[in-house]
Amino acid sequence: MLESFTLAQGTGSPLTLASGFMLVSPWKPIILFAPFVAWAWFVSSVLDKHAQRFFLGREKWALIHMIFGMAALAAVVLVPIGGIAGFAAALLIVLALLAGNIGIFTAITNKDERVPEHQKLTLNFEEMKTAREDKAKAKQLGSSALSIVGANKMGVPPPPKEAPEYAVRVAAEQVLQKGFTVHASQVDILPANESTYAASYLVDGVRQAGDPLPKADAIQIIDFWKSAAGMDINDRRRKLTGEVSVSGEGMSGTPVRMTSSGSASGMRLSMLFNPAEAVRRKPEDLGLLDSQIEMLREWNNERGGVVLIAGQPDGGRTTTMYSVIRLHDAYTQGITSLEFDVQDAIEGVKQIQFDPAADDAPDYATLVRSTLRRDPDVVALAELPDPQTAANVANSDLERSRVYISMKANSALEAVQIYAKAVGDPVLAAEGLRGVIGHRLVRVLCGNCKVAYPPTPEMLKKLGLPGDRVKQLFKKGGQVLVRNKPEVCPVCNGVGYMGQTGVFGVFPIESEEKALIGEGNWSGLRAAMRKRQLPSAQQAALRKAVEGLTSIEEVTRLSSDKPKKK
Ligand SMILES: [Zn+2]
């Protein structure tokens, strides 16, 4: 009977699925519907969840999937599938539409910056297979999963599994791997007490303690990384630096800067991910307000004067200093920087690395004086290590040279006090000052999981915000709902924050301020700075909270934070 229908095809009466679904040979509909089943499974279990997890417009995408599905279904219904040609055509149209739907979703959502790099969909099955295998390998506790390229671009292969060094390699990888997974910018291995070391992870400026490590293990791990980075493992005292690049487990050629040093209590190793990238930011991306960038550019049109940059250790001081230098035109101006640790090359800038341990080196203050004698247009000092340096700056030709001094201080006001005290002569110190930049960091809320809430009138009053304008603020979330089930946010790993932004106070030092500094009248100086109604770092942070970029918790952390000891 089936035979006769197939033959009947040839006589010219078109047989569509609609008219003869049950009558066509059964394998045709099965083959035609198999792609629908696979497609429907993929759309609901992968694409739909992906869209929901990263807030990519789940409803809109559901509609698009439906349109593609209906179009494919229409092909099955409308194309006469009795003959082999019609069947093949229908099958091709179905496959093209369904695969096209998945391809379009992947292409468009992968370009969406809301989806982090390692969470992007891949339709490359080879890649998926490798990723799966890598994961399985990593699960098998205690095996080497990273490929490491060390000094002189030489690979550092893992030792054979039976060798005693293999366990050290695995432990060393695990410490680094954990840092990468939790989005740490830096991992430190340092002594916790007499017999124990500990790893600590710096995530968006906040330290997270890691597991304790027995002293002997920690030293072996430190020695492994030092050796991989081409550093002298026998030198356990001086500050040494080296670099490796690491691939595997989400990292691909990620540069990691190793810095080791030693003291009476033991050795310390700092591993800094992407050191150059971390300090390479445009002033606009640092978090400076437009009005503040404008003021800095105005200062740059003048010659000379000292500008203090106040920040905290681990507080992005290098990034800020590099950005401020970059506001100058390195092609028309002679710019020199004196740094303890050059973290990135700045085009056109003469960067001098100061090594305090070098035997024949002059001290920092002397180096500063000799640099300033050459009358450069701009000099940037990465530190204010001693009063002599401050005195040498204050006594140089400050009509000629602009000097930036980056220093550890909690506020702009505190930086002025420290500088005046270091110079020793407040009148002389005030004379040369042009301005001061106070700089702090706040964590940025994860845009994928932050939670809006209406602030209470009391809260707004306490913060000094206008109640009629601020209708909502945001707090950290850490979770997303996927099909009504809470899931750890895949973008921030449940932390609720992702990255940091700088908040600044930029204050000019004019004649009124100079007079007050000369008198040592700090409360008067504070009042004079307030009178200008320029935003302080704290107020800049509050503005970012109102914009939904950070939380009130982060803003209040700025005022409650005691200066961090390093
Ligand atoms: Zn999140």
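This report describes helix packing, a zinc site and several individual residues in a predicted model.

## Helix pairs

Helix H3, which spans residues 27-53, packs against helix H5, residues 84-110, at an angle of about 5° and with the two axes 10 Å apart. Since angles under 35 degrees count as roughly parallel, H3 and H5 are therefore roughly parallel to each other. On the H3 side the residues that meet H5 include Trp27, Ile31, Pro35, Phe36, Trp39, Phe42 and Leu47, while the H5 side contributes, among others, Ile84, Phe87, Leu91, Val94, Leu98, Ile102 and Phe105. By class, the contact of H3 with H5 is made up of 19 nonpolar, three polar and one charged residues. Lys28 of H3 is also listed in this contact, as are His50 of H3 and Asn101 and Thr109 of H5. An α-helix has 3.6 residues a turn, so residues three or four places apart point the same way.

A second pair is formed by helix H7 (residues 165-181) and helix H8 (residues 215-228), whose axes come within 9 Å and cross at roughly 85°. H7 and H8 are therefore roughly perpendicular to each other.

## The zinc site

The zinc ion is coordinated by the SG atoms of Cys446, Cys449, Cys489 and Cys492, at 2.2 to 2.4 Å. The four donor atoms subtend angles of 104 to 115° around the zinc ion, which makes the arrangement tetrahedral. In sequence, the donor residues follow the spacing C-x2-C-x39-C-x2-C. Cys446 lies in the loop between strand E14 (433-445) and strand E15 (451-453), whereas Cys492 lies in the loop between strand E18 (485-488) and strand E19 (497-508), so this pair ties together parts that are 46 residues apart in sequence. Both Cys446 and Cys492 are buried.

Strand E19 also contains Thr501. Thr501, leaving aside its neighbours within four places in sequence, is in contact with Leu286, Gly287, Arg440, Leu441, Val442, Val444, Lys544 and Leu549.

Helix H12 covers residues 317-326 and includes Arg317. H12 is mostly covered, in that eight of its ten residues are buried; among them are Arg317, Thr319, Met321, Tyr322 and Ile325. When residues up to four places away in sequence are not counted, Arg317 touches Gly311, Gln312, Ala382, Glu383, Ser406, Met407, Lys408 and His439.

Gln343 is placed in the loop between strand E10 (335-339) and strand E11 (349-353). Apart from neighbours within four places in sequence, Gln343 is in contact with Arg257, Leu272, Pro275, Ala276, Val279, Thr318 and Tyr322. Gln343 and Val279 are 64 residues apart in sequence, and their C-alpha atoms are 7.2 Å apart in space.

## Backbone and accessibility

Asn274 has a positive phi of about 45° although it is not a glycine, and Asn274 is found in the loop between strand E8 (266-273) and helix H9 (275-279). Asn484, likewise not a glycine, has a positive phi of about 65° and lies in the loop between strand E17 (479-482) and E18. The table sets out relative accessible areas for these two residues and for others described above.

| Residue | Relative accessible area | Class |
|---|---|---|
| Thr501 | 7% | buried |
| Arg317 | 10% | buried |
| Gln343 | 17% | buried |
| Asn274 | 23% | partly exposed |
| Asn484 | 68% | exposed |

Since buried means under 20% relative accessible area, Gln343 at 17% counts as buried, whereas Asn274 at 23% is partly exposed.

## A separate strand residue

Gly155 is placed in strand E2, residues 155-156. Leaving aside neighbours within four places in sequence, Gly155 is in contact with Ile148 and Val149. Gly155 and Trp27 are 128 residues apart in sequence and 55 Å apart in space, C-alpha to C-alpha.

Definitions and conventions. Residues are numbered from 1 along each chain as its sequence is written. This is a predicted model: local features need pLDDT of at least 70, side-chain atom pairs count only at pLDDT 80 or more; totals for chains, interfaces and linings use all residues. Side-chain values use heavy atoms; hydrogens and water are left out. Helices (H or I, at least four residues) and strands (E, at least two) are DSSP runs, numbered from the N terminus. Buried means under 20% relative accessible area, exposed over 50%, partly exposed in between (1.4 Å probe, protein chains only). Contact means heavy atoms within 4.5 Å. Axes are lines fitted to C-alpha atoms, for helices over the stretch in contact, and angles run from 0 to 180 degrees between N-to-C directions. Angles under 35 degrees count as roughly parallel, over 145 as roughly antiparallel, 65 to 115 as roughly perpendicular and the rest as oblique. Ala, Val, Leu, Ile, Met, Phe, Trp, Tyr, Cys and Pro count as nonpolar, Asp, Glu, Lys and Arg as charged, and the others, Gly among them, as polar. Donors are N, O and S atoms within 2.8 Å of the metal (3.2 Å for Na, K and Ca); water is not among the atoms, so sites may look incomplete. Four donors count as tetrahedral if all angles lie between 85 and 135 degrees; four count as square planar and six as octahedral if opposite donors are over 155 degrees apart and all others between 65 and 115; anything else is irregular.
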